[in-house]
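My entries follow in the order I made them.

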Amino acid sequence: MRTRPLLALAGTATALALAMAAPAPASADGTAVLTTGSTGGTAVATGDTLTAPLASGTLATLYSSATGTSGVRCTSSQFTAAVTGNPAAPGTATESVTGHTFDAASCTSNVIGVTGVSSITVDNLPYTATVASDGTLTVSPASGSSIQTTVKLKTLLGSITCVYQAASLTGKADNSDSSISFTNQQFTKSSGSSLCFASGYFTAKYAPVADGGAQVYVN
């Protein structure tokens, strides 16, 4: 059977990868952009590590089109980021995304000819992440680099490797569940078999974003 091009699950996630939880109205003077406990709560300290798994009951997906459902999906993924700046609100907090992982054992593909997912690796870390008081999240690579994900898949024709890149990722934070979401973030194939999709559209929701077990909010 001929294998159709395969979609690479974007790192994203990297980018995946951001550590704030949510837009909230600008708080009183002196409140930091990122707080724990509640909006207007205790400021997250510079150097703290923020983590978040996929939101319960959701998937991280990379599909071949923004409106399609053909590609790769995972039920287990997590990001880790260190806070590098947390000014008073309204403002923009900064982070260094040091980890964005996907558990290949939790990943499947509905692409004809693909029999399994060997690994999904987010490359070129760390990335820089910013979160503004309005909840806008941006993930960017180092100067001269790119956000990159390498996906290795098992197919009826053997193993194939697809490498996907993006200039940046944009997401949104939501204080209602201390989440961050990425929707249809486009990656372009930079190398790989002709069986790899030319583009991949990454969607995922991570929640709750936490600092040492305490949920993180955006002010």
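**Entry 1: A43.** I started with the contacts of A43. Leaving aside neighbours within four places in sequence, A43 touches A32, L34, T35 and N86; contact here means heavy atoms within 4.5 Å. I found A43 in strand 2 (residues 42–43). Strands (E, at least two residues) and helices (H or I, at least four) are DSSP runs, numbered from the N terminus. The relative accessible area of A43 is 45%, so I logged the residue as partly exposed. My scale is: buried under 20%, exposed over 50%, partly exposed in between, with a 1.4 Å probe and protein chains only. I also checked A43 against V216: they are 173 residues apart in sequence, yet 9.3 Å apart in space, C-alpha to C-alpha.

**Entry 2: ground rules.** This is a predicted model, in which local features need pLDDT of at least 70 and side-chain atom pairs count only at pLDDT 80 or more, while totals for chains, interfaces and linings use all residues. Residues are numbered from 1 along each chain as its sequence is written, and side-chain values use heavy atoms, with hydrogens and water left out.

**Entry 3: the whole chain.** I counted secondary structure next. The protein chain has zero helices and 18 strands. Of its 219 residues, 52% count as buried. I then took the contacts between residues at least 6 apart in sequence: 74% of them join residues at least 24 apart. The accessible surface of the chain comes to about 8400 Å², and 51% of that belongs to carbon and sulfur atoms. Those areas come from the Shrake-Rupley method with a 1.4 Å probe; for residues, only the protein chains shown count as cover.

**Entry 4: aromatic pairs.** How many aromatic pairs does a search of the whole structure find? It finds three. Rings of Phe, Tyr and Trp (its six-membered ring) pair if their centres lie within 6.5 Å; planes under 30 degrees apart count as stacked, over 60 as edge-to-face and the rest as tilted. One of the pairs is F102 with F202, edge-to-face, at 6.3 Å centre to centre and 85° between the planes. F102 sits in strand 7 (residues 92–102) and F202 in strand 16 (residues 199–206), so this pair ties together parts 100 residues apart in sequence. F102 is buried at 7% relative accessibility. F202 is buried too, at 0%. F202 also pairs with F182, this time tilted: 6.3 Å centre to centre, 40° between the planes. F182 belongs to strand 15 (residues 179–192), so its pair with F202 in strand 16 ties together parts 20 residues apart in sequence. F182 is buried, with a relative accessibility of 0%. I noted F102, F182 and F202 as a cluster linked by ring pairs.

**Entry 5: strand 16.** Six of the eight residues of strand 16 are buried, so the strand is largely enclosed by the rest of the structure. Which strands pair with it? I required at least two DSSP bridges for a pair. Strand 4 (residues 60–63) pairs with strand 16 in the antiparallel sense over three bridges. There, T61 stands opposite T203. Strand 15 also runs antiparallel to strand 16, with seven bridges. F182 stands opposite A204 of strand 16. Strands 15 and 16 form a hairpin, with six residues between them.

**Entry 6: backbone checks.** I looked for cis peptide bonds. The bond from A89 to P90 is cis, with omega near -5°. P90 lies in the loop between strand 6 (77–85) and strand 7. The bond joining L125 and P126 is cis as well, with omega about 5°. P126 is in the loop between strand 9 (114–123) and strand 10 (127–132).

Positive phi came next. S178, not a glycine, has phi near 50°. It is in the loop between strand 14 (169–174) and strand 15, and it is buried at 0% relative accessible area. N184 has a positive phi of about 50° and is not a glycine either. N184 lies within strand 15 and is partly exposed at 32%.

**Entry 7: S146.** My last stop was a loop residue. S146 lies between strand 11 (136–140) and strand 12 (147–155). Is S146 buried or exposed? It counts as buried, at 12% relative accessibility. Beyond neighbours within four places in sequence, S146 is in contact with N124, Y127, P141, Q165 and A166.
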